[in-house]
Number of protein chains: 2
Amino acid sequence: MVTMDRIFSYQHLCDYTNRTFLAMGCTPGDAALASKVLLSADLRGIDSHGIARLSGYWRLFEAGRINPRPHVRLVHETPSTATVDGDKGLGLVVAPKAMEIAIQKAGAVGSGWVSVRNSNHFGIAGYHAMMALPYDMIGWAMTNASALVTPTFSREKMLGTNPICVAIPAGEEPAFVADFATTTAANGKLEILQRKNEAAPLGWVQDADGQPSTDANALKKGGALLPLGGDREHGSHKGYALGSIVDIFSAVLSGASYGPWAPPFPAYVPMPTDMPGEGLGHFLGAMRIDGFRPASEFKYHMDQWIRRFHAAAPADPEQPVLVPGDPERLMEAQRTRNGIPLVDAVVADLQELGKTTGVQL
Amino acid sequence: MVTMDRIFSYQHLCDYTNRTFLAMGCTPGDAALASKVLLSADLRGIDSHGIARLSGYWRLFEAGRINPRPHVRLVHETPSTATVDGDKGLGLVVAPKAMEIAIQKAGAVGSGWVSVRNSNHFGIAGYHAMMALPYDMIGWAMTNASALVTPTFSREKMLGTNPICVAIPAGEEPAFVADFATTTAANGKLEILQRKNEAAPLGWVQDADGQPSTDANALKKGGALLPLGGDREHGSHKGYALGSIVDIFSAVLSGASYGPWAPPFPAYVPMPTDMPGEGLGHFLGAMRIDGFRPASEFKYHMDQWIRRFHAAAPADPEQPVLVPGDPERLMEAQRTRNGIPLVDAVVADLQELGKTTGVQL
């Protein structure tokens, strides 16, 4: 199967997305923010979390699961912590508002930590964590998500791909930005293999009986994604622990729906029964660097850290050692310059969406 | 090779360890604390980090790298953050003192985060993080360590096994305690394979050229431990990112020595030149549950979370699904009752140590 990519400018896709969120009923401010957050995924090369999901958000809106005019409110706080209720808003809007609270609290008392309930998918974790960087703060972002991942020793899907992002400012060097799902591989990588009709490496998925599988379609056949590590022998209990921490911080702390009760992203999947909380949950944090040592000192050493790791002896001279955030930053520079490629299926999906929204791509 | 275990009571080993730390010159309070922290590893089944390391600590003391009478002091703070200088003390003493500061700050403003420099190895991360549990707080502990681990794409050892522990209180259920190195497998597991003369699974180690290896002795031959994930295809860039976050939070934030400059644990290994900071670093944190929602509500849902995960459908009916902390808690109960087994080599090493310290096992 040949796939053709069409190239669109960032500005063109941003305008299209903005008009779509306005058609949903968002305020102009929220529509602009949601568009910027969503498209940061496309810019940074995380295509599975960007505009390819726009029609999915729309279907959640149609199903009454997204409130386009949320009253995002703080429901509990101490000087350095808070819980925010997202009022069923787009996570793309709720999460940046919660992160602003974390940054304010960090400014006042050194660090700020905000758990969010009653939200929806927030795009890439990286956008929210990186909001802390201009303030000379370290940013954190996590979210729980629909259950696609089995715990070690299980054949039952109990956790989402539950990403973690930690963004750390540097001085002259670009920031350190680690943004990753707590699974061995993201679902988007499986979709690429499906399109190419190729097998998946062992350790990415298992079948419906909980047995190792190389079938890139295993998830569609009742199987599951595996926690980072793949199996017990390769440390999957650590990936499972990480995904659990994300779930608990995002949803049990805030009062969102956790574990296998997390609301599914596809609007056609029925909501779980007996949900123990409201909507999806996020966890956002900010720590002031100068809460620990003068920012100039920290940045000097962070630059030295980054340069030393870039200079680490490579196993293959053709493949230099990277620092977390390098690939996404290079992709962002390239796509800002040259535009964002969308595969045929995504273009067709957005054109179809336009028939409902009245917004043409 | 047959190895024989001798069984010792916890109290016997604790007395022996305490007298050894007193012989080092520690105060009675510090010797008792260090013994309790060190032996918590043996109780919880993490044998590589317990009394088996006591002679290693003694040799660091002899080399002038451990100060038995440290003046542990707070050098920088905000209401929710602080940096502590460990004055070259035992990490076994410095880390709990720093964690007390984190807990105090959390009591006052909702959360507390302490970065520590100029310290030494702190035993298991779990001890320190679990200090938060009786206060209805979530505890965090991390530490950097001697460089044994290569970044993805590298053949140069740049990071320690850099563990993370997150301890989360529950209500009627035992606490959730995830305590793990950010490598695929701990060095202690390789030592077991070495004793049995068995091969290591792919993904645990690589050889000196940066090529995949199943040689359990690879590390001794110039190879390295691999970050969680093993190789790029299996997500090792995520394990590398986690180990890096631990290194930066523990050492770059505090002013300790980071990356390949982390001081080595074996006293016979020369210290790196041009060290960019002082000693090893740790990072400790505490968050009040009721900084987010009433503690009783959180604990009710945490119990439900734990019960639901225990009830997840197993792949093999003989192997139920575990919650992080289960194996260590069961081991602690069993060894508290039945005693702690030490392998011959450790017993011989401690008897040899006794000739120097005058303390008999």
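This passage describes the fold of one chain and the way two chains meet in a predicted model.

Along the principal axes, the C-alpha atoms of chain A occupy a box of roughly 50 × 50 × 45 Å. Of the 361 residues in chain A, 58% are buried. The contacts within the chain can be sorted by how far apart the partners sit in the sequence. Among contacts in chain A with a separation of 6 or more, 62% join residues 24 or more positions apart.

The next topic is the division into domains. The domain assignment of chain A lists domain 1, made of 70-184, 227-294 and 330-339, and domain 2, made of 185-225. Between the C-alpha centres of these two domains of chain A there is a distance of 25 Å. Where the domains of chain A touch, 13 residues of domain 1 are in contact with 14 residues of domain 2. On the domain 1 side of this meeting place in chain A, 7 residues are polar, 3 are nonpolar and 3 are charged.

With the single chain in view, attention can turn to the pair. Contacts between the chains involve 66 residues of chain B and 66 residues of chain A. On the chain B side, at least two residues each come from the strands β3 (81-85), β4 (111-119), β6 (164-168), β7 (176-180) and β11 (280-288), and from the helices α7 (236-252) and α8 (295-310). The largest share, 7 residues, is supplied by α8(B). Sorted by class, the side of chain B that touches chain A has 34 nonpolar, 24 polar and 8 charged residues.

The same surface serves both copies, since 100% of the contact residues of chain B recur in chain A.

Key: Residues numbered from 1 in each chain as written. Chains lettered and ligands numbered in written order. Predicted model: local features only at pLDDT ≥ 70, side-chain atom pairs only at ≥ 80, totals over all residues. Contact = placed C-beta atoms within 7 Å. Helix = DSSP H or I, 4+ residues; strand = E, 2+ residues; numbered from the N terminus. Nonpolar A, V, L, I, M, F, W, Y, C, P; charged D, E, K, R; others polar. Buried ≥ 20, exposed ≤ 12 C-beta atoms within 10 Å, placed from the backbone. Domains from an automatic or database assignment.
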